[in-house]
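Subject: Structure handed over, with notes

Hello,

Here is the structure I said I would pass on. Please open it first and then read the notes below it.

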Amino acid sequence: MESVDYREWREKVRQASDIVRIVGDRIPLKKRGKDYVGLCPFHEEKTPSFHVDSSKQLFYCFGCQAGGDVFRFIEKFERKTFGESVRFLGDQAGIPLPSGNGQDRRKACFQIFRETESIYRKSLSSSGAEQARKYLHETRRLKPVTMERFGLGWSMPGSLLKSMAPSRKKEAEEYGLLKQGPGGSREFFRNRIMVPIRIENGATVAFGGRVLPGNAQGPKYLNSPEHPFFRKKEILFGLDQAGPAIEKKRRVLVVEGYFDVMALSEAGVEAVVAPLGTALTQAHLIHLSRLADEVVVVFDGDRAGQTAIARLADRFVLDSRISIRAFSLPEGKDPDEWIREVGRDFFLESIEKAIPLADFVVDLFDIQLKSADATTRNHLLESFYDLAKRIPDPEAIDHFLSRGASVFRINKDLLAQGLFREESLSPREIPRQNSRETSSNRHLMERNLVLELVRLWTDSLDPHPSDRLSPGDFDFLSSGSLLTFVRELWKNGKTNPETVRDMILKEPLLAEVWMQLPLDRETRPRRLEDLVFRVSRMSKRERLSAALK
């Protein structure tokens, strides 16, 4: 968690950092109207499409769609993490880090996990870990050098408590290594193969523990509890080692498990990572976009692996500013097994056949529809609508609807009409297109933007959307009712959330979907940045279009 002091310091750094000067120090810029333009530093081009908005302190490239604030520019241009970018700009602005910002706690966290990793690794060599070593050598067929490189260990019962000083136990409990039980402190991990989970700089901040086959004690895989320096939705296993290879190839493979990463790395496929038992998140993709231009998600060749698409096909994947493709292994295979069978070269050749994620999703619908009865078909159509509603980009949703119309054998216009009525309809319920009002992909995108604005407006957290945007930024809205709604928001100011919710219930385009949206405070900072980015992009496009008329 960020302290209040740290957030205030970061905002001071943002305000003190003139994006025009910082970008202009790195690439040539020319003033054009209210903006500054230049050749984009993130892709090759001959005609300038890179714009810097001095009033909003944002940048955007109309060629490669890179964009964001000054921190994002430094992240992408200097190849730094978000925290490194803030500290870098803070140093340039002469604004020192506040005291008590958590740096000492961060160092203490790294230290206790380093000590614990050493204890687990030593335990793997003990006589009591013979079955664990046999599993790693014979079942997983990992070489000693790979086990050493990934720091594998064994959580021998009692080893951690025996080796840890009593003064460190409270700290170990804070980071989830120990837990309080009826008889005092107990070890969180017992009789598991231990896999260190490291952040990009190589520091261990958590563990993943795997039980041996035949051991029914607890889940097969168990991760450390989350703490201020470990958020599962933000960390990718193996990125600390794969980073250089990803940046060189500009592509990354995403697999499902730790041992898949280790096996592929051992076979010479180095640009590979795995989420920690979760779906890919917006934080993951933003992080990967600093290193790569493309993500290939590799699914196990079984039903469980293929249905994992339901976890991955959220709006942040389908609306990401990084290309996402998907590949499914042969039935019954996982990456670990398959690469040992076919070899590195054939594996990589096969990965080239990966297809866009949205097409992969539709293909899965097609497979399931072939044996679906009427009830199942309607459920699948509802699932299709649910996914489609999460795609705010007009071109992407248009392609998704075209493919969906083909596999569901429904006229595309009728399929779209059912979607834009904000309710899931079976083919029999989709009305004929006899209304004078026609919906469009743009209407859906605009509605989603306004809904996100309202969610951020009413969550009582800072910064408030009105600190980053103005009502004029929404003049691109084609819906008169939505435009009026947005202007009323600013007219009422940072008013009571209940007042805003009353406004929503009076707006048919928003009311029904609003009731279905959960609040998500964890992703709030990134969601705000994404909203500012997309609204600024649409506003700028509208101004350019008007200027060309």
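Which residue just after helix 11 takes a positive phi? It is Gly268, with a phi of about 100°. Helices here are DSSP runs of H or I with at least four residues, strands are runs of E with at least two, and both are numbered from the N terminus.

Two remarks on the source. This is a predicted model, in which local features need pLDDT of at least 70 and side-chain atom pairs count only at pLDDT 80 or more, while totals for chains, interfaces and linings use all residues. Residues are numbered from 1 along each chain as its sequence is written, and side-chain values use heavy atoms, with hydrogens and water left out.

Helix 11 covers residues 258-266, and nine of its nine residues are buried, so the rest of the structure largely encloses it. Buried means under 20% relative accessible area, exposed means over 50%, and partly exposed lies in between (1.4 Å probe, protein chains only). Among the buried residues of helix 11 are Tyr258, Asp260 and Glu266.

Helix 6 (residues 130-139) has the buried residues Ala132, Tyr135 and Leu136. Seen down the axis of helix 6, these fall within an arc of 90°, so they line one face; the arc is that of the directions from the helix axis to the C-beta atoms. The face turned away from the buried side carries Glu130, Gln131 and Glu138, which are exposed. Arg141 follows helix 6 and has a positive phi, near 55°.

Next, the cores. A nonpolar core is a set of buried Ala, Val, Leu, Ile, Met, Phe, Trp, Tyr and Cys residues joined through side-chain atoms within 4.5 Å. The largest one has 44 residues, and those with the most contacts inside it include Ile246, Phe384 and Leu415. Helix 18 (residues 357-369) gives the most to this core, with eight residues. Another core, of 42 residues, lies apart from it and has Phe110, Ala132, Tyr135 and Ile339 among its members.

An open sheet of six strands has the order 12-14-13-15-16-17, with mixed pairing; two strands pair if DSSP finds at least two bridges between them. Its edge strands, each pairing on one side only, are strand 12 (236-237) and strand 17 (355-356). Strand 15 (residues 294-299) and strand 16 (residues 323-328) run parallel and are joined by six bridges. Phe299 has Ser328 of strand 16 as its bridge partner.

Regards
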